[in-house]
Amino acid sequence: MKKKKINEIDKYLFDLNGYIVIKKALKKSEVNECNKIIDKLINLKHNEWNGYVHGHNYGGKEGLNLQQIYEAGKPFEKLIDHPSWINHMLEFVGGKGTFDHNHGPLFIDENFANVRGPGDAIGIHSGNHEGTQRGHYRYENGKIHCGQINILVALTNIGPGDGGTVVIPSSHKANFKHPEFDKNKMFKGKVSHADSMTASKEVFLKAGDALLFVDSLCHGSAKRINKGERRVVIYRYGPSWGFFRHSYRPSKQLLKNLNKLQRRIVMPHEKILTPQGG
Ligand SMILES: O=C(O)CCC(=O)C(=O)O
């Protein structure tokens with residue numbers, strides 16, 4: 001598959017809204033391969049391991065996270081530099097031809113699959129009002145420079161009632177906190193309704209479609225009310241000098257399996273300099 005070029009509309013809409021949807025980012029066969037692997041991991045409990053994949057949740061109703069999912073086999077390794085979005089990440093994280101690329105063009109600081117059932121959701125969070133470095137959006141000298149871009153790929157169809165991701169379009173540039181932000185955050189497992197917030201948009205996706213967004217976009221999800229599961233996979237990309245969000249590190253075996261670009265994205269400093277040698 002050829003690497004998808006960014007078209008001018010993608011760039012315009014990403015700058016304008018802080019997100020874009022890439023339709024059919026994964027082929028049906030790629031979605032099926034990922035789901036087959038998740039089927040085998042789905043019974044992991046919080047804090048249990050299966051190989052190098054870790055079962056995790058935040059203690060509320062956000063569903064099961066399968067952290068370090070890029071350790072779960074080829075179908076997930078392929079997502080690291082997937083042709084449907086790698087050019088978008090390079091362009092939107094930016095830094096080509098600068099110090100930012102000294103040890104590699106990008107870095108994934110978190111990667112996981114998330115599975116939610118009825119009643120699950122994630123509260124609204126992020127937004128330019130927080131002013132964080134990690135999620136920031138900046139345009140300068142004709143270029144976009146972002147601290148973190150997320151790719152969220154649907155592995156099941158996500159329509160009304162399925163608990164779609166909710167965004168506040170353009171909030172990556174907002175100067176004020178959304179007045180309904182605090183009452184729609186996650187509180188002790190209770191979530192109010194991100195999808196009912198003024199100016200919110202719930203993003204519906206078909207399995208294989210991907211939502212790409214800058215992390216400073218104010219976002220969360222609707223509560224799933226339908227039966228069954230919502231499955232997504234999320235990889236977060238930033239500059240090569242970033243660091244891991246959690247305490248996980250890639251396994252030696254994973255690093256061996258990867259191609260050069262993937263390896264640099266997963267572990268930008270391949271050779272560690274010490275007085276004893278690398
Ligand atoms: O689960 C979702 O729909 C939103 C994902 C999310 O909140 C995040 O990536 O921080």
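Helices, at least four residues long, and strands, at least two, are DSSP runs numbered from the N terminus. With that settled, hello everyone, and let me place a residue for you: Ala-72 is in the loop that joins strand E4, residues 64-67, to helix H3, residues 74-77. Please keep in mind throughout that this is a predicted model.

Ala-72 has a relative accessible area of 21%, so it counts as partly exposed, the buried class being under 20%. Along the chain, Ala-72 and Leu-254 are 182 residues apart, and their C-alpha atoms are separated by 9.2 Å. The loop between E4 and H3 also holds Gln-68. Is Gln-68 buried or exposed? Its relative accessibility is 4%, so Gln-68 is buried. In Gln-68, phi is positive, near 65°.

There is a second residue of that kind, Ser-126, which is not a glycine and yet has a positive phi of about 70°. You will find Ser-126 in the loop running between strand E5, residues 107-116, and strand E6, residues 137-140. With a relative accessible area of 8%, Ser-126 is buried.

Where does it sit? The space it takes is the largest pocket. Two elements each give two or more residues to the shell around the ligand: strand E14, residues 219-221, and strand E15, residues 230-238. If you want to click through the surroundings, the residues include Arg-116, Ile-122, Leu-152, Thr-165 and Phe-213, and also Gly-220, Ser-221, Arg-230 and Ile-234. How do the residues of the shell divide by type? Four are nonpolar, five are polar and three are charged.

In His-125, a polar side-chain atom lies 3.0 Å from an oxygen atom of the ligand. For His-219, an N or O atom of the side chain is 3.0 Å from a ligand oxygen. Arg-236 also has a polar side-chain atom 3.0 Å from an oxygen atom of the ligand. And how much of the ligand does the protein cover? On its own the ligand has 300 Å² of accessible area, and the protein covers 96% of that.

His-54 belongs to strand E3, residues 53-56. Its relative accessibility is 7%, so His-54 counts as buried. The side chain of His-54 makes a polar contact with the side chain of Asn-47, at 2.9 Å.

The other one is His-82, in the loop between H3 and helix H4, residues 86-93. His-82 is buried as well, because its relative accessible area is 1%. Which side chain is its partner in a polar contact? That is Glu-30, with a distance of 3.0 Å between the two side chains.

One last stop, at Met-197, in the loop between strand E11, residues 190-191, and strand E12, residues 201-203. Met-197 has 3% relative accessibility and so counts as buried. The C-alpha atoms of Met-197 and Gly-127 are separated by 14 Å, and the two residues are 70 apart along the chain.

Note on methods. Residues numbered from 1 in each chain as written. Predicted model: local features only at pLDDT ≥ 70, side-chain atom pairs only at ≥ 80, totals over all residues. Heavy atoms only, no water. Near = heavy atom within 4 Å. Polar contact = N/O pair within 3.5 Å; in protein donor to acceptor, adjacent residues only side chain to side chain. Areas by Shrake-Rupley, 256 points an atom, 1.4 Å probe, with all protein chains shown as cover. 1 Å grid on protein atoms, 1.4 Å probe; cavity = no way out; pocket = protein on both sides within 12 Å on 5 of 7 lines; lining within 4 Å. Sits in = over half its atoms within 2 Å of the grid points. Nonpolar A, V, L, I, M, F, W, Y, C, P; charged D, E, K, R; others polar. Buried < 20%, exposed > 50% of the residue type's maximum accessible area, 1.4 Å probe, protein only.
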